[in-house]
Amino acid sequence: MDKATLFAAPEAAAHGASGGGTMEITITLLIVVAFLAGLAWFAKRVRGGFSRGGGQRIQVLGAQALGPKERAVLVRVGDTDILVGVAANNVNTLHVFPAGANTEAPPAPASNPPGTPDFKALLFKSLGMKERP
């Protein structure tokens with residue numbers, strides 16, 4: 001037996017991986033990605049399920065970022081609204097509104113004054129296309 005025959009690679013290894021191996025890897029990868037997506041969906045549903053409920057005594061009415069780690073949060077407890085400052089390591093009461101005070105957010109202003117075209121309309125016009133609904 002000569003050295004070339006002694007150290008020759010098997011036929012499958014000499015031609016690279018077979019197509020079946022690549023298909024198995026692809027299917028396994030798709031299963032793992034689907035599992036991770038399902039796990040993320042489940043975690044979102046569970047977290048959302050704990051925070052929602054019909055008989056909540058504490059409701060967050062709104063929040064506004066004041067800095068990278070600071071927020072002002074308007075919280076309703078029963079019929080009293082409380083403005084709270086939230087920072088990295090502490091929470092401070094900024095103001096307590098009396099019961100029945102109107103702390104609802106004002107209506108949002110119109111995005112475009114009447115007669116002013118929006119960005120989408122201008123883009124389609126500049127491209128020479130008709131706007132689609």
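**A surface patch, a helix and an open sheet**

In this predicted model, V32, F35, L36 and L39 together make a nonpolar surface patch of about 390 Å². One of these residues, F35, belongs to helix α3, which covers residues 19–51. F35 has a relative accessible area of 54%, and it counts as exposed because the cut-off for that class is over 50%.

The chain has 133 residues, of which 8% count as buried.

The chain contains four helices and four strands. Read from the N terminus, their order is α-α-α-β-β-β-β-α.

The four strands form an open sheet, arranged as β1-β2-β3-β4 with antiparallel pairing. At its edges stand β1 (58–65) and β4 (91–97); each has a single partner strand, so one side of each lacks a neighbour in the sheet. On average, neighbouring strands of this sheet are turned by 25° against each other, with direction ignored.

Strand β2 spans residues 71–77, and seven bridges join β1 and β2 in the antiparallel sense. Within this part of the sheet, I58 lies opposite V77 of β2.

A last figure concerns contacts along the whole chain. Taking contacts between residues at least 6 apart in sequence, 5% join residues at least 24 apart.

Definitions and conventions
Residues numbered from 1 in each chain as written. Predicted model: local features only at pLDDT ≥ 70, side-chain atom pairs only at ≥ 80, totals over all residues. Heavy atoms only, no water. Patch = residues over 30% accessible without salt bridge, like charges linked within 9 Å, V, L, I, M, F, W, Y side chains within 5 Å. Areas by Shrake-Rupley, 256 points an atom, 1.4 Å probe, with all protein chains shown as cover. Salt bridge = Lys/Arg side-chain N within 4 Å of Asp/Glu carboxyl O. Helix = DSSP H or I, 4+ residues; strand = E, 2+ residues; numbered from the N terminus. Buried < 20%, exposed > 50% of the residue type's maximum accessible area, 1.4 Å probe, protein only. Pairing = 2+ DSSP bridges. Axes fitted to C-alpha atoms, helices over the stretch in contact; angles between N-to-C directions. Contact = heavy atoms within 4.5 Å.
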